[in-house]
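Subject: Structure for your review

Hello,

Please find the structure below. My notes on what turned up in it follow.

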Amino acid sequence: MRFRSLIMIIFFVLVGGFVTLNWMELSRNTVLNLGVTTVEGPLGLVMLGLLLLAVILFLGYAVMIQTSSLLETRAHTKEMKTQRELADKAEASRYTELRGLIDKIETESRDRQSQLQQWMDSRLNTMQDQVCSRVDTSGNTIASYMGELEDRLEAQGLPPNAAMDRRVPADAVEIKREYPL
């Protein structure tokens, strides 16, 4: 039980006890002036009635305030629940949007990586083709120089392999290089 309720109950018990003990005095008739006229009646009972009327009015007012406060609290609670649901939906929406953005960035990154890999492969193939072309060109150039030297040697009357035999030892092995391209 609340402290206020306990105090009010004690107060009403004390007032009830007081009225019971002094009932004879409260019910004695006296002349009462109402401003416009005078009447004869018990002053104590009139005062007790006015006190009860004031208590009933104040209790009604207190109940009215409590009820309006309760209704207002319910309205605030309902509005806060609605706002909380809206905030939760907005937050979930932001998470969904963020996930979509992350997926988009990841997809774009994969596409860029794939494009870069294709570019690198094509560039590497181009460079390999160029290296092969230059090696072939160098081989052809060396072969033409060798042919020209052989022609000069033959023109001088020397056999083509005679000049080579002097420079290359007899046990030399021909080295063949292959380039994997």
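Arg152 and Glu148 pair in a salt bridge, with 2.9 Å between their closest N and O atoms. Keep in mind that the model is predicted. Arg152 and Glu148 sit four residues apart in helix H3, so about one helical turn separates them. In general, an α-helix has 3.6 residues a turn, so residues three or four places apart point the same way. Side chains of opposite charge can then pair when their charged atoms come close. Glu148 is partly exposed, at 38% relative accessibility.

Two further pairs in H3 have this spacing of four residues. Arg99 and Asp103 form a salt bridge at 3.4 Å, N to O, and they too are about one helical turn apart in helix H3. Arg99 is partly exposed, with a relative accessible area of 48%, and Asp103 is also partly exposed, at 32%. The other pair is Glu106 and Arg110, whose closest N and O atoms are 2.2 Å apart in a salt bridge. Both residues belong to helix H3 and are four residues apart, about one turn of the helix. Glu106 has a relative accessible area of 35%, which makes it partly exposed, and Arg110 is partly exposed at 49%. The count of salt bridges comes to five.

The helix that carries these pairs covers residues 43–156, which is 114 residues. From the first C-alpha of H3 to its last the distance is 165 Å, close to the 170 Å expected at 1.5 Å a residue. The buried residues of H3 are Gly44, Leu48, Val55 and Leu153. After H3 comes Gly157, which has a positive phi, near 95°.

As for the protein chain as a whole, it has four helices and two strands, and their order along the sequence is α-α-β-β-α-α. The chain has 181 residues, of which 5% count as buried. Its accessible surface is about 16600 Å², and carbon and sulfur atoms account for 62% of that. Among contacts with a separation of 6 or more, 16% are between residues 24 or more positions apart.

Regards

Note on methods: Residues are numbered from 1 along each chain as its sequence is written. This is a predicted model: local features need pLDDT of at least 70, side-chain atom pairs count only at pLDDT 80 or more; totals for chains, interfaces and linings use all residues. Side-chain values use heavy atoms; hydrogens and water are left out. The expected span of a helix is 1.5 Å times one less than its number of residues. Buried means under 20% relative accessible area, exposed over 50%, partly exposed in between (1.4 Å probe, protein chains only). A salt bridge is a side-chain nitrogen of Lys or Arg within 4 Å of a carboxyl oxygen of Asp or Glu. Contact means heavy atoms within 4.5 Å. Accessible areas come from the Shrake-Rupley method with a 1.4 Å probe; for residues, only the protein chains shown count as cover.
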